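User: Could you go through this one with me? I'd like to start with the strands and then look at the helices.

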Amino acid sequence: MFRTVSTRGDMADKKRRFDKRDFNQMAEVITQDKRDRAGRRSDKEAIWKEIDRQIAMTPDCSFKMSGGRAIESKAWWPEIELPWQSQALEVLNADSRRMMFPDSGPWYQASVFMTDEYLARADFRSIVAGDSNEVPSQLDQDNANKLVEGFGRHFRKQYDFRGHWDELNAEAFKYGTFAGRARLVEKKAFIDTAKGVVPENHKIPMLVPKCIKNLYPDDRKHRMLNEGIMVAGSVIDCWWQALKDLEMAARKGSQDPKNALGGWMPSALKGIEPDKNGQVEVLEYEGDIILPRKTTRSMFLPNVVVTVIVSSGGASVVRFRTGMRRSYIIHSYDSEDVTTPYGSGPLMKGRPIQKSAVHSLTLYQAAGELDVERPVIYSEDDPYFASTGGPVIAPGEQWKTSQGVSTAQLGDGSSQFQSYLAFQQQYADVTGVNAPRLGAQTVSHTTAFAKNAEMQRGQSRTVDYVRSVLQHPMEKWLHMEFELGKAAIKDTLSFYIPAYQGAVTIDKDMLPDQVEFEVYGAGGPGEESAKVQKQQAALQSALQLEEFKLQTNPEATPLDIEAMQKQILGEAFAESDTFFARPPEDVSMGVAADPGVSSPIEGIPGAELAILEG
């Protein structure tokens, strides 16, 4: 099979062809790259495996084994695993969810670039039929912002968006790094038509959590030439799949390498031998790749997605796509090394402390058992014990012996329990999951301020992590979701806008070309109350100055009191517009007030409130 691929740089206007030998070379480069990345992070994989065992609370019984066989003399030793790691993960996930997403109200804001081109093609009057719910019929900045926010909300309501972020955060807390992938997925809907209810597939943008244990990011974190030209990194995803599923997908899929759903090479699947379960290992490489050649100079291929099957017969490229958008979002809890993409999370820091605590608690419990059932010393020459096999330790047992019986003197295990308590406090200090975050009540004489301060100190690192997530990966996802959402529209799309309490129907032309997203989440502990107090103080000062302003300059523009009311109520209620009724009719004149007619505000001399129609 021959494919034509365009390259950029000094070869931007030229096209080069490559054949089966090039694909074989490409498969070899990708599989070797995956092996190299796996080898360089083998120490981290051992840590991740240990953390999984601790979270599952599976005791480590390796001290009872020797050469793969159980040691009989150690069979009585207690098997313990503490719940600290699992408990910390639960608390960290709950706190991060609360800080990212409020129970009600928005957690981000869209700002549309109101270009002349966009205003010319987007007619808001055609989007909404009627204005019975006070839906605007003209497009302005606020309308465009709410349109984009409702557009994204429509897609996020169709899957467990917040649950997916819970899984991503859990990956960061456990392994120090999370990875998500932006995908257009098909969702089956049932449409009621004149012919009855018929199924129809809709595409929606979805953020799919990926396990970092099966993902190999480029560990050359910052790759650039001396001139500052950066070569973008790559990501290799790895999984096992039935060969028959891949063969079916290749037969039905497109072979166009520029189609996101295409790039299949059915002939490359012939002769591949799966394992005894019919499975093959699949590697999917996404990013830039340099294809080395022996006879001619190497080829640089940007933004490619290459699918490689690894079997007993070797590696083969079975799918090749070019010109694809980057789809991965990778973020670290705490980056400790500029040379690696992997970070360090709270559970990675708590792992050795819990392991040490388990060791101390195991020794303490073993000492307790030995103290209760101490080893017995007796004479093997005693005829009674010789016939019975030794003294039986039980209440009321009678020993017929002339030699006497005694118990062994053992050490005190209390020092091990003190070590356990010290490790417990150290674990709370290292992970930040202290007693108040676990719901423990502080001493009764502690003030409410002191209790709140203690809680905030424990959450400070989680607050910093959530802020970094909101400012980078979450903002990046909203941009990706918007672009994928536009690509998913076939003809028109209908969705609900809560701010207008009504549904709209749009096509692609009614969406802007460029949007900026500001993500602020739900705020950290104590931030919301401080923000409200600051707003109230600012509002009070503004009203006091309003009276002085209008006294000195009666023709000055008054404050828009209704806008201030909407701002205050909008932060407390999701549907605050319902509090503002239509202007009442003027009873004395028998007609409604005209737009722009003002009436004095009681308590603020000279201040006026504009009553606008609709």
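**Strands, helices and a loop**

User: Which residue stands opposite Ile-290 in E11?

Analyst: Phe-300 is the residue of E11 that stands opposite Ile-290. Before going further, please keep in mind that this is a predicted model, in which local features need pLDDT of at least 70 and side-chain atom pairs count only at pLDDT 80 or more, whereas totals for chains, interfaces and linings use all residues. Residues are numbered from 1 along each chain as its sequence is written, and side-chain values use heavy atoms, with hydrogens and water left out.

User: OK, and how many bridges join E10 to E11?

Analyst: There are 10 bridges between E10, which covers residues 279-291, and E11, which covers residues 299-311, and the two strands run antiparallel. Strands (at least two residues) and helices (H or I, at least four) are DSSP runs numbered from the N terminus, and two strands pair if DSSP finds at least two bridges between them.

User: What sheet do they belong to?

Analyst: They belong to an open sheet of 5 strands in the order E8-E9-E10-E11-E12, with antiparallel pairing. Its edge strands are E8 (215-217) and E12, each of which pairs on one side only, and the twist from one strand to the next averages 20°.

User: How is E11 tied to E12?

Analyst: The two pair in the antiparallel sense over 8 bridges, E12 being residues 314-322, and together they form a hairpin with 2 residues between them. Along this pairing, Val-306 stands opposite Phe-320, while Val-310 stands opposite Ala-315.

User: Now helices. At what angle do H2 and H8 cross?

Analyst: The axes of H2 (residues 42-55) and H8 (residues 346-372) cross at roughly 65° and come within 10 Å, so the two helices are roughly perpendicular to each other. The axes are lines fitted to C-alpha atoms, for helices over the stretch in contact, with angles from 0 to 180 degrees between N-to-C directions; under 35 degrees counts as roughly parallel, over 145 as roughly antiparallel, 65 to 115 as roughly perpendicular and the rest as oblique.

User: And how do H3 and H6 pack?

Analyst: H3 (residues 84-100) packs against H6 (residues 161-175) at an angle of about 130°, their axes being 10 Å apart, and that makes H3 oblique to H6.

User: Which residues of H10 are buried?

Analyst: In H10, the buried residues are Tyr-420, Tyr-427, Ala-428 and Thr-431. Seen down the helix axis, they fall within an arc of 95° (taken from the directions from the axis to the C-beta atoms), so they line one face of H10. After H10 comes Gly-432, whose phi is positive, near 80°.

User: Last one: where is Gly-253?

Analyst: Gly-253 is in the loop between H7 (243-252) and E10, and because its relative accessibility is 23%, Gly-253 counts as partly exposed. Gly-253 and Trp-264 are 11 residues apart in sequence and 6.4 Å apart in space, C-alpha to C-alpha.

Conventions: Buried < 20%, exposed > 50% of the residue type's maximum accessible area, 1.4 Å probe, protein only.
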